[in-house]
Amino acid sequence: MIGWLLALLQTLLFIASAPLLAGWIKRLKCGLENRAAPPVWQPYRDLARLFGKNVVVADTTSWLFRLAPYVIFGAAVLAASVVPLVATHLPTSAIADVIVLVAFFALARFFQALAALDAGTAFGGMGASREMTIASLAEPAMLLVVFTFAVTANTTNLSTAVDHTLGGGFVLRPSFIFIALALLMVAVAETGRIPVDNPATHLELTMIHEAMVLEYSGRHLALIEWANQTKLMIYGVLFVDLFIPWGIAYEISAANVAIGAAAVAAKLAFLGLVLAISETVMAKLRLFRVPGYLGFAFMLGFLGMLSHVILEVG
Amino acid sequence: MQSLDFLPLYDQGILVLAALVLFTSFALLGQTRMFGLITVFAWQGGLLAATTALVAYSTGQRHLYVSAALTLGLKALFIPWMLKRFVIRLGIRHEVEVLGRHALVLIAGAALVVFSYYVALPIVRLSTLVTRNAIAVSLAIVLLSMLLMITRRQALSQVVGFMAIENGLFFAAVVSTFGMPMVVELGIAFDVLVAAVLFGVFFFQLRDTIDSLDVDRLSRLTENVD
Amino acid sequence: MNLALLAPALAIASTVMGLLVPRAGARGRFAVFGLLGLSGLAALGAGIDGLFAETPRLGQLPLGLPWLSWHLRLDPLSGFFLSLIGLVLVPVSLFGPGYTREFIHGRNAPAVLYVFTGLFVAGMQLVVLADDAFMFMVAWEVMSLASYFLVAFEHQHAANRRAAFLYLLMAHVGALAILLGFGVLAGLGGGFTFDAMRAAPQGIGWASIVFALALTGFGVKAGLVPVHAWLPEAHPAAPSHVSALMSGVMLKVAVYGFVRFAFDLLSVPHWGWGVAALLAGSVSALLGVLYALMQHDLKRLLAYHSVENIGIIFIGLGLSLLFTASGAPLLAALGLVAALYHTVNHALFKALLFLGAGAILHTSHERDMEHMGGLIHRMPHTALCFLVGCISISALPPFNGFVSEWLTFQTFLQVSLLESGALRAILPFAAALLALTGALAAACFVKVFGVVFLGLPRSRNVRHAREVDRGMRAAQACLACLCLLFGVFAVPVVDALAPIAKMLVGADLAHATARGWLWLTPVAPQVASYSAPLVLAGIALAGGIISLTRHRQRRVHPVRRASPWDCGFGGLGARMQYTATAFAMPIRRIFEPVWQIQEQVERTTSDAGGDDERATVIHYALHVDDRLWKLLYEPVARWIHWSARQATRIQTGRIRTYLIHSFLTLLVLLWLIT
Amino acid sequence: MNALNLTLVLPAAGAVALGVVGDRPFAALVNVAVSAATLVASVALALGVLETGPATSPGRLLYIDAFNVYLVLLTAFVGLTTAIFSRPYMAHERERGRVGPRTMRLYHSMYQGFLFTMLLALTSNNLGVLWVALEAATLATVLLVSLYRTPEAVEAAWKYFILCGVGIAQALFGTVLLYFAQERLVGIAPSSALLWQEMYAAAGYLDPTVLVLAFAFLLIGYGTKVGLVPLHNWLPDAHSEGPTPMSAVLSGLLLNVALYAVVRVKMIVDGSLAAHSDQYNPQLAGHLLMGFGLLSFSVASLFLHRQHDVKRLFSYSSIEHMGLMTFAFGVGGPLATFGALLHMTVHSLTKSAIFVTVGHAAQIAGTQTMDHIRGLIRTQPSVGWGLLIATAAIAGFPPFGVFTSEFLLLTATMQSWPWLTVPLLIGLGVAFAGLFRHLQPMVYGEPTENMTAVRVNMTPVAVHLALVLWLGLAIPAFLAGWFDTATRLITGSGLL
């Protein structure tokens, strides 16, 4: 029972701190671009403001349009509850393994795209079409990452995976280098960041995700934004858990949890830095260059798989 | 294998007749005039009748006399007479069939004789010289008559060829097995008769529908259309 | 066994009823479909009974050959498929009366429909009950023939006739392959009862031949690439409730036949077979979904998705064969269970989707998605059920499609246990293809639901569509609920499939369900676990809490309705929406080589009314065709025509040539024998 | 006056009677009545054989056993149903003025005459008489083929006459050789030397060289009438140009009878070869049959694809099926033979049913050209569905009997010649495609404007199809017993 309680707390912590990560990255980017940066907690303000506003819904839409944000947010929360943030072996982590985790995002995306089509605007259709295309290309790459890791650790369950990496001590695996890179690329694509998408613009040619949420307003928009920030954070934590899990609380105790929290915070901050730098140095790709980008990710994943089979198992 | 001069006289007679029958079928192959064709055919029938009679005499089988008479009446007299009447009524009396590669046909005929001899050879073990040759000869006659049917475009000559085949069979039956059972003989004779009559009917049907007796004109029903 | 026999008996009864009440009014219609429904219930009951029976139920019918009466057998495998038939048949017979109402005044006698539907169902039920080759073939062909008549039901359209012919032709060819397979088995075992075949000593060579024949024969029926061509033609042609039966059940009967051959009749599988099945499955899955993406005829699209899902099923079967051959019965069981689970799932959601398409067709007489849109406002009930179907087929949690696909992935993850390094390196690639397939399927059904039900109506018929009657709604609702139930209560389902695994590969998944109904742990708890009920609860909870916290605010300022913002471009019209073609365009660009694409844009400038105002009309035409037609089917047809022309040369029509024929034949014959 | 003689006398008398009756309105009824009486007689005959086994007539001219008695029954039955069908059909032809009083007299009289010759051929014990009967069958039908006096009809008749005549002449040569071989044996009266019974009994002693030679000629001769490729050329012409009832009986019965003759002879030859297996391959006759059968089967199935005339289409399908049966008899062995016997039955039932429907269809459309026959199901559902289902049956779809026999045949082949099943299956597929690609447009779709419903009598079709369906679902025990006895006669070993 206590376990469940802890799990609930961790989940709450997770989604609560998600906007923080977004704000942090934003701040870093501004810093790198010599711009005056908004405060780190700016995202919280935005969310609060959006929740405060009242909702305008297009009259061409149906109940699905209003249901979607809750489903998206619910999926995000559920996903967050599965990923070990500060402590492993919480009961919720058994609800789903990595594959299911990916499926949660797919579910959210499914409803997002439908909602985009609901209003019947050209933008919505455009966004939905592009989003589904890119997602379906990202999926196999992601799976290969998961696959390689799972074959190494013989599990797809995140907590167990963490155990495996911890238990094995620090092992330098050629396959992990490849798949870590692949995971990063996929994460960028999935969370709609540069070079695949640019959340900051409203230009028809550049936007994918934004095109889908054009019609949303008020709390609906807030939920969607929040869900996206959570998603970004989940990918970050996923990366951390799989490849650099050290410091995470193994047995539950106040000290361990504190250490775990600090560790994960540090690691995420660093990841954020990496992301910010990459986004500043890179330019957005044309839509039809994205397949090449994801194909590269896929190839990395496959290389990881091969190097695992050939070099590590023999 | 015994040579000819040790054979009894009637065997020699049969062999002579066999040779003559064979000759007639060659003659059929060579003959181009309608009337000539029919005449030769009649002669062939006559020779058959003679052979039958000779066999009947030598073996003393009564019923062979009957079939000899039948042959004479049917093959030598009635059918030729009927055919000639058709020729006259169809007004093709003086029609001459142009035969392409006449010599070639005759050589092919000769080859066929050799072939049938070769086919009949294995039977030597179980029969006297006479019967073996009889079978060889009759087989030759059958094949030659088929060759006749193949080379002629005139419906009437095809009929003659058809009848000549029957002659060959009959020759085989008479010489090698001394005739078939009576009931069969009669049945065959009846069939031949009916066939002859029906052919007559068809000559006129043909003339009415395609106003000619040229069988090559009968090529409406075909599959390779393109 | 009597109950099992009751099912086909009732189906045939409905046939007779259909004969007795030609041009039947409502009463006759309900009688016919009522009998079908009863037959479905009987099948369901008998099937479940057979699934859990310790010893297979045997029986015989005084039919068939004098020395070989029809042998019947109801073991877990046939029980499973029998209950599957029943499961789909019941909703379909709910759907039927309403759907066939419009045929009464149509030009085709509905009696034909009733008669052959009954026969069709009876045939399928007898196939799974058959225990000897002769009865199997008879039932199999009855099934094919009856469904042919159903496909050709609306024969005034040339397309339907063509589809029917293609269907029957390919079905026949497939049946011949199966027959040959049986022939080889019977030759080995010296008997036509399945028992004799099982008992037979099978050399690997002959066994492989049999397997190849079975894969071909049942593959044709199941619609594996490249022998799938009939499927996208035939399913749209048939009336929708029949399409639901064909796609939902008939393909499964083909799967049954394959399983019966590969796992039961053939004693020891070779790992090569597994690879073959896996390959066929992967190719079918990927190509199926890619072709589906390019369709804008709703029923055609669904048909292509059948190809895809059959592919997924065969992937599972292939893995199972692979593991059986390499002596890992537990994993073999896992693969088999995954495949069978997906079988039942596909039956459910594909039937649901076809019924939905039928409902739309019934009320709007539209099959072309480009003419639809906004139907969610006109027919909300159908829309909801259809949405459930879409989520399920896109393999999204917590619905049923996801569970089976997840199990398949779990099986894939165990390939590290195989001894062959090559396979270990290649199989992940297949898994990645499967992932790609799943994602593309999701994209495709976003397109379907979005274009058909959302946005603005694109044609008059659709604008005036009305919700369908109670029976048809009930049918869809029933299937939708089943989709959810099979998704949420995965553990009991896996438990139920255990006897089949035990019978076929000698192992069951006790450990998979060891931790109670909440937790599905296919390999081991620490390896992977999934709890569908909690997922459902979690999403509901999270979403629910938020919406409750906003309750007050919603009361203060209610949601305001306004015309869409659309980045400020005003004047939204139906023609400005993304069409199905447009939606799939990026994917078409990316996977271009897969299809045979003809795309032309012609602009005609008509100068109506002077130079200043000349309108430019741009006409855009796009044709996406199946490459396999050119690669496989047309050459065969051409070859047959060529040889036919050659053969007919001997029939010259000139009698002297004929005489030469017989003359030469005689000479040759004489020469031969001496 | 026992059933056997009655079976023969009735049609003969009927022929004469109808010749007298001529073109009276009740001629068709007389025709039906005589056929019915013949059927009754043959049923009695069949029951007799069923009880007391094989029987010979006094004088041993006729011989009846399980093999030919069921063919007799079949012939009488199809003869009756076809007579029933020919009533409305010929009446309609009469209205269209295609036939006159004289031809009607000829038609009815010859119809019975034809039945008589076939029954005689089946029951005759004397191979010579068998030959005479078969030749007479040609003579009886040749005028019926040219009944319509169109150029095509006359041409077809002429080809039929010449080709079958030449062919049958070869058969006579073969018969003479048989007689020759038999007659050498001591202790056989020349009068009884040609009796099949005698020969079969003495087969072991007959000289194989002569018999092989004889078989070659007999195969060519009777094979021409069976319609084996490349001797088949007359068959499609004769079937397509004559009146449809004739096509039905030609296709459904005459071919069977000719095949029957071949098999009877094969039994003797096999006996002799088996006894002299040191110098000859005992399977020689069988191999010849297999070769011809396979050739006919495959070539005919290709021919199906290039047809334009509906009756030609189905006559080629007849060639295909005769090829299949010939092949089966060639394979030998109980299973194949059983299958072949069954196939004889179901094929003649189905094929005659098809010709009945096709005849009506041609009258509906006023032409036999398939391009002008469209949408039969709309114009006259009974005909359309009859044609559709009958064709499905002939294409070998269960639950119809044709499938059963093909199933047996295939499995028998699989046991003795596994690799030959491949061409067989390909051929079946090709043949099916050839049939249905032509059939479907005729029955489905929209009818052309010049199609009008006619007065039809589909009872024969229904009865035939019902029987075929019955045979497909379950072969009744007595019939199975029959076939088995026949199989025992032919191959020496049975199945049951």
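User: How far apart are the nearest C-alpha atoms of chain A and chain B?

Analyst: Two residues are in contact if their C-beta atoms, placed from the backbone, lie within 7 Å. Chain A and chain B do not touch, and their nearest C-alpha atoms are 52 Å apart. No contact joins chain A and chain D either, with 41 Å between their closest C-alpha atoms. This is a predicted model, in which local features need pLDDT of at least 70, side-chain atom pairs count only at pLDDT 80 or more, and totals for chains, interfaces and linings use all residues. Residues are numbered from 1 along each chain as its sequence is written, while chains are lettered from A and ligands numbered from 1 in the order in which they are written.

User: Which chains share the most contacts?

Analyst: Chains A and C do, of the 4 pairs of chains in contact. Here 67 residues of chain C meet 69 residues of chain A. Helices (H or I, at least four residues) and strands (E, at least two) are DSSP runs, numbered from the N terminus. H17(C) provides the largest share of the side of chain C that touches chain A, 17 residues.

User: How do the residues on that side of chain C divide by class?

Analyst: Ala, Val, Leu, Ile, Met, Phe, Trp, Tyr, Cys and Pro count as nonpolar, Asp, Glu, Lys and Arg as charged, and the others, Gly among them, as polar. The side of chain C that touches chain A has 45 nonpolar, 16 polar and 6 charged residues.

User: Which strands do 3 bridges join?

Analyst: Two strands pair if DSSP finds at least two bridges between them. Strand S1 (residues 56-58) of chain A and S3(C) are joined by 3 bridges and run parallel. A:Ala58 stands opposite C:Ala562.

User: How many residues does each chain give to the contact of chain D with chain B?

Analyst: Chain D gives 39 residues and chain B 34 residues. On the side of chain D that touches chain B, H6(D) gives the most, with 19 residues.

User: At what angle do H9 and H12 of chain C pack?

Analyst: Axes are lines fitted to C-alpha atoms, for helices over the stretch in contact, and angles run from 0 to 180 degrees between N-to-C directions. Helix H9 (residues 230-237) and helix H12 (residues 298-325) of chain C pack at about 135°, with their axes 8 Å apart. Residues making this contact include C:Leu231 and C:Pro232 of H9(C) and C:Ala303 and C:Tyr304 of H12(C). By class, the contact has 6 nonpolar, 2 polar and 2 charged residues.
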